[in-house]
Each structure stands twice: as C-alpha cells, then as structure tokens.
Amino acid sequence: MGNCFSDIEGGQQAVGGRAQATTSAAAAGDGPNDAVDYFFRARGEQALFTPIQLSLSASKLLDRDITSKSDPMAVVYMKKRDGKLEELGRTEVIMNNLDPIWIQKINVTYQFEIVQPLIFRVYDVDTKYHNLPVKTLKLEDQDFLGEASCVVSEIVTKRNQTITLNINNINGQISTRKMGTLTVQSEETVTSRNAVEITFRCSALQNKDLFSKSDPFLRISRAIESGGFLPICKTEVVNNNLNPTWRPVCLTMQQFISKENPLMIECFDFDTSGKHPLIGKLQKSMAELETLYQTKSSAHFISPSSGFRHHEKVLKGEIFVERYEEKQLYSFLDYVSSGFELSFMVAVDFTASNGNPRNANSLHYIDPSGQRNAYQQAIMDIGEVIQFYDSDRRFPAWGFGGRIPNASVSHCFNLNGSVSDCEVEGVEGILGAYTSALYNVALAGPTLFGQVINKAADIAGHSLSQHHAKYYVLLIITDGVVSDLQETINSIVRASDLPLSILIVGVGGADFKDMEILDADKGQRLECSTGRIATRDIVQFVPMREIHRGEISVVQALLEELPSQFLTYVRSRDIKPLNLS
C-alpha cells in the first residue's frame, strides 16, 4: 500500500472538495480509512485525463470511383511512444461524397502532460462492404484516400478547438496532387460545470478524547440509486477544537447529482490509528444546506441507534453553513482554448559537480553519436509539450552556477551569451544555446536557485501587471542539493502569488531530500523567513533516477500537477476564460 496517507499530516488533508479538482471523492467504508482516502484522492486527479470527442469532416477528397464518388470513412489512431499506432475509432461510411461531415464522434482521453500524436486516415469503402459494421472492415481491402496528422494539444488550444489539416500520402508524404483537407473539432465531454462552494462551521461538538479535545473533520456522502451512500468529500482536520470552522469545500454537480439528492454529513474525531470515532451525523440535501445559509439557522447532529439504544439521539452539536456560493468550474481546456498561454522558461545547472563536459561520465557530456544527455532529454521532453501552448515559442533560457567569460561566477546568466536578451527560438534554440554555453562557460558553483526564481517571478509579475493571459512555467535542471535553501524558499513563497509554476528535475546521484521540502506534496505549505506562508504549492520535483523505465516518463511525472496548479491560480482570483470575461 505504498504512498498511502499513513502519516498524520496526509490523513488530515481535505479530499474531494477542493476547487482545483475536476471531480473528487473521499473515504469509503464503515469508517474513514486513510488508504481509501488516498484511493479516492487519486481518482480525483482527473484534470489530467480529460475526455474529449472529436468531430471530423473533409473537403475535396480524391475520387476513387469510376461511376460514382468515393464512399469515405475516417479512422483515427494515436501514435504511441514506440511508434506503434493504436486505433481510437472509426466514423461511419458516407456514400458518394467528397465533402463528408461524419456524425460518429471519436473519443480521446486528452492528457496535458504528454504529447499525443494523432493520425487520421481516410478510406474509400468498397460498395460490397457497406452492409458490414465498420469495426469489422479490413482496411487493406479499401482504397486509401490519404492521411493527416497533428497532436491533441494543437486542436484544444485553438480558440474554437478546430483545426484544418492538409491530407497527404501515407506517412505524411506530400502528394503532387491535392488530396483535400480534413477538419477536426474537439469538445470536452463534461456533464456539467456547475459547482457549489460551502464553508461549514460546527459548535458544541461532543468530546471523544480523554486528555484533550476532539480533532474533528466532516465526511460528505451522496445517496446512490442502488441504496446507501457514496463518499464524495472530506474536510481537513481541525485539531483540538469543539467549535471548528473548516476551509471551503467545492462540490461539483457530478458529485452531488442534484440539489434535491440526499447528502449524508458525518463528523468524526480524527485518530492516528485510522479508527476515527463518529461524533455525529445528519442528512440534508444541497437545497436544504442552502436554506440553512439563507436563514442563518443550524441543524443538530444525531447519534445513530446502537445495541444499547434502539433510537437515534439528537445531540447538542450543531452545524452551520457560513457560506454558500454557486459557481462555474471551468476546466484547463476552457482556459487554453480561449487564448490563455503557457510560457516556458528554463534554467540549467552549470556547477562543477556535473563533471568536466569533455569527459564521457559528465552529466553535461555531448555525445558525438547524438544520444542526449540528461539535461538535453529534460529540455526536449518538457519543452516539446509546453511549446504547443505558447504562440510565439520564444523562451527565456538561463544558466546558473557557472563562470561566464570575463566575469565572476553568475547565478543567473543568459544561456545564449547575450548581455540583454535572454530569449531563444523554440526548444531547438534552447538546446543550441545550452550546447554553445558548455564551450564558453566554466563550471563552478555553488548551487543557488534564488536569483533564477526571482528573475522568472519578475517576468511573471510584469506580465500580470500588463493583464496578459499568460501562465509561466520555469524548468530548473540540476544535479545537486540546493545551497541556498532558505533563500530559495523565500523566493518561492514570494512567487506563489504570481502566475508561475516551477518544475525541478534532479539528475545524477545526489541526495535530493531538500528538493522534496520545496515540493509541498504533503500539504505543508512553505514558510519564508519572515513567517509568511505560500498561498499555494507551485513546485514539483522529480529525480530522474526514480522514473520507472517504460512505466512513466519524466514529463508525465513533472507535469502531472501543472494543470491543477494553473487552475488553483485562476480560480483563486476568479479569472474566467477569455471568451467569458
């Protein structure tokens, strides 16, 4: 049961009611169970896996028939990392039409954190096969009309989520004659974006502890048709308090189904053993909770019947709805398709611990055979994803910990060698500037992140002041333990108010425990030296050596938190997609 909430802080976290989750759930079973909590929390991370439907149409297809027009059908594939094609679906066959508009949709699971190449192949189906289900058709028996390709992110980032592609020969070979065009439109398959944000408060709760006060939390479940209740959310734990107020929970319509659907609200006293005693429970619908808020009234918890008492007991403990707000939860796709951009920045570690770049065992070694080193691989993997969300594809690129020509050690220098301009053109520009810098910059040290983070924060802050619809992503690639931990924490806390996320890749065999402190995955937000707490988690760290080969890539591991970090930022500021502002 690895990664379960067995530690106290993890088990006390809220689950399933945070606005940054697209859908969520919480603990199940007779009583709260930390392992089950984690299971539902994992299921709640669906911002990464957004189901979309593709609608296809074509124009001016080749005519393969002699006495009539082609009878086209489209087949859609996903190109996997090993180059193999996975078929996602087929449209219906449209008779005698060179400009077909297919009705059958193609379902695709959109994953932000990986590049998802799509291949579209169009066939003219022979008349003798028209009565057969399209799934049973052998494609080698049909006439090939052409192929088009793109990646999923190219579709969803268009303002109307529509892209028109030229149709070419197999494997993208450009034909000497026009083969027509294919238009692809995507639509997110979301039942409803409606949500309710609620703040709960309780008073006079029963004390379940002998030497202190209870540590209460709420668990909310909804009634299901098969009978019983399905947990959908739990609050965080408020320690040693019989009159707690919890942070707001945000429940989507998908979770509570309707305002009339019964909800079970249970209050437990948190226990590190996982056997959390029930303080009390009650049943209310979302509509009834809204009434409690409007009338400023409360509801009493009840104690269920037991072997000693055959009837329910009304308790002194009460629950209040301090705040009730109906809102719309827009998805990551809503923002990027409306024109929001992700702007990529990169910072590369030039400290001496990487080893002499001329030696084959150096982490900076440039292999003449073309095999990428760890730095090149991280830049390529992550940049390949991010660049699709940045229209100009010009990226600030810095180095740190190196001695630049005719100067002392710098902890933030332009990778391209320019004094004034830090931007390079595309991911290839980053790789080119990095390679060039290895011949002009002497490796030195120590490993300091503060100046690079401050530089990225300055850019994000300036963009914010200009009301630009941009969110920045800083990639830091390093081989060593950060030497300025507190200064780095201070910089991160200051940057937590800005449209910025920081992705850190650790390469080599160093001890990266300090990096895990920066990545506040256990719910403990960073605190700067003045006592200020970070407004949100903006750091994600992954050591390259812990990436399971063939199971998950570094890009998946690093970018899995980015959509939720983005949504936390825009939702906390009530920023709506551009076409709805």
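Predicted model: local features only at pLDDT ≥ 70, side-chain atom pairs only at ≥ 80, totals over all residues.
Me: How many salt bridges does the count come to?
Reply: The count comes to 16 salt bridges.

Me: Why can side chains pair like that at all?
Reply: Side chains of opposite charge can pair when their charged atoms come close.

Me: Ok, which residue does E86 form a salt bridge with?
Reply: The partner of E86 is K80, and their closest N and O atoms are 3.2 Å apart.

Me: Is R90 buried or exposed?
Reply: R90 has a relative accessible area of 13%, and the cut-off for buried is under 20%, so R90 is buried. E87 has 37%, so E87 is partly exposed.

Me: New topic. Where do K259 and E290 sit in the chain?
Reply: Their side chains meet in a salt bridge, 2.7 Å from N to O. This pair links distant parts of the chain, 31 residues apart. K259 is in the loop between α4 (253-256) and β13 (262-269), while E290 is in helix α5 (residues 286-295).

Me: Which of those counts as buried?
Reply: E290 does, because its relative accessible area is 19%. K259 has 24%, so K259 is partly exposed.

Me: Last one: which residues are linked in a network of salt bridges?
Reply: One such network links E197, R323, E325 and K327.

Definitions and conventions
Residues numbered from 1 in each chain as written. Heavy atoms only, no water. Salt bridge = Lys/Arg side-chain N within 4 Å of Asp/Glu carboxyl O. Buried < 20%, exposed > 50% of the residue type's maximum accessible area, 1.4 Å probe, protein only. Helix = DSSP H or I, 4+ residues; strand = E, 2+ residues; numbered from the N terminus.
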